[in-house]
Amino acid sequence: MKTAKNGRDGRTRIVEGALRRFSQDGVSATTLASLRQESGVSVGSFYHHFASKEHVFGVLYAETLHMYQEAFLAELRRHEGAREGIEAIVALHMSWCGEHRERAHLLISERPPRRDEPGGTEVSESRRAFFRQVSDWWRPHMKNGLLQPVHPTMCYVLWLGPANEMCRLWFAGAHQPTTEEITGLCEAAWHSLRQQNP
């Protein structure tokens with residue numbers, strides 16, 4: 001008979017195995033059989049916890065996004081100054097991606113689940129709450145003439161787009177970012193997002 005502990009362990013093994021397979025092979029190329037093999041669980045154990053590969057991905061993506069957003073907001077709130085906050089987030093992004101490479105690879109490389117897919121509702125609600133809190137930090141700096149009034153999507157692209165591209169090269173083994181390059185990414189984000197004086 002399964003205990004609650006064994007049940008949790010089985011779920012954890014599936015999620016951790018999926019993270020390894022998704023990071024290495026991509027979600028589309030990962031099979032249900034390879035997920036079970038990686039996690040070492042039986043067919044029955046797998047379906048006790050998850051309905052499908054897509055269900056595992058949705059749970060894993062939502063969990064990873066929440067982890068990243070918590071780290072992002074905690075770092076952002078540590079900085080009252082506009083430039084300090086913008087640059088600190090780029091540095092945090094690179095540090096977090098280096099520390100959580102498999103999870104970062106998932107966020108950067110995979111399409112997030114849509115609202116009607118497993119995990120999609122959680123991701124949508126998490127993003128809404130996240131952008132609201134970022135906006136709360138952003139708005140006073142915008143009113144003070146320091147930061148541009150930009151749509152959340154454009155803000156993300158300007159703020160972290162170059163850092164994400166650096167991470168893609170990093171994860172592919174093509175380039176190891178240097179401290180000087182990360183500093184350059186921080187400065188570039190600030191110059192992209194600050195209000196330009198006429």
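**Reading contacts, domains and salt bridges**

Biologist: Leaving aside its neighbours within four places in sequence, which residues is R103 in contact with, and how should I read such a list?

Modeller: R103 is in contact with L19, L60, E63, T64, M67 and W96 once those neighbours within four places in sequence are set aside, where contact means heavy atoms within 4.5 Å. This is a predicted model, in which local features need pLDDT of at least 70 and side-chain atom pairs count only at pLDDT 80 or more, while totals for chains, interfaces and linings use all residues. Residues are numbered from 1 along each chain as its sequence is written, and side-chain values use heavy atoms, with hydrogens and water left out.

Biologist: Where is R103 found, and is R103 buried or exposed?

Modeller: R103 is found in helix α6, which covers residues 101-109; helices are DSSP runs (H or I, at least four residues), numbered from the N terminus. R103 counts as buried because its relative accessible area is 15%, and the classes are set with a 1.4 Å probe on protein chains only (buried under 20%, exposed over 50%, partly exposed in between).

Biologist: Into which domains is the protein divided, and how far apart do their C-alpha centres lie?

Modeller: With bounds that come from an automatic or database domain assignment, the protein is divided into domain 1 (1-50) and domain 2 (52-193). The C-alpha centres of these two domains lie 27 Å apart, and 17 residues of domain 1 are in contact with 13 residues of domain 2.

Biologist: How much area do domain 1 and domain 2 bury between them, and which elements give two or more residues to the side of domain 1 that touches domain 2?

Modeller: Buried area is the accessible area (1.4 Å probe) that two parts lose on being put together, summed over both. For domain 1 and domain 2 that comes to about 1400 Å², with 72% of it on carbon and sulfur atoms. On the side of domain 1 that touches domain 2, two or more residues each come from α1 (4-25), α2 (32-39) and α3 (43-49), and the most come from α1, with 8 residues.

Biologist: How many salt bridges are counted between domain 1 and domain 2, and how many does the structure hold?

Modeller: A salt bridge is a side-chain nitrogen of Lys or Arg within 4 Å of a carboxyl oxygen of Asp or Glu; by that rule the count between domain 1 and domain 2 is 0, whereas the structure holds 10. One of them joins E38 to R20, with the closest N and O atoms 2.7 Å apart. That pair links distant parts of the chain, since E38 is in helix α2 and R20 in helix α1, 18 residues apart.

Biologist: Which residues are linked with R20 and E38 in a network of salt bridges?

Modeller: The network links R20, R21, D25 and E38. E38 is partly exposed because its relative accessible area is 27%, and R20 is likewise partly exposed, at 33%.
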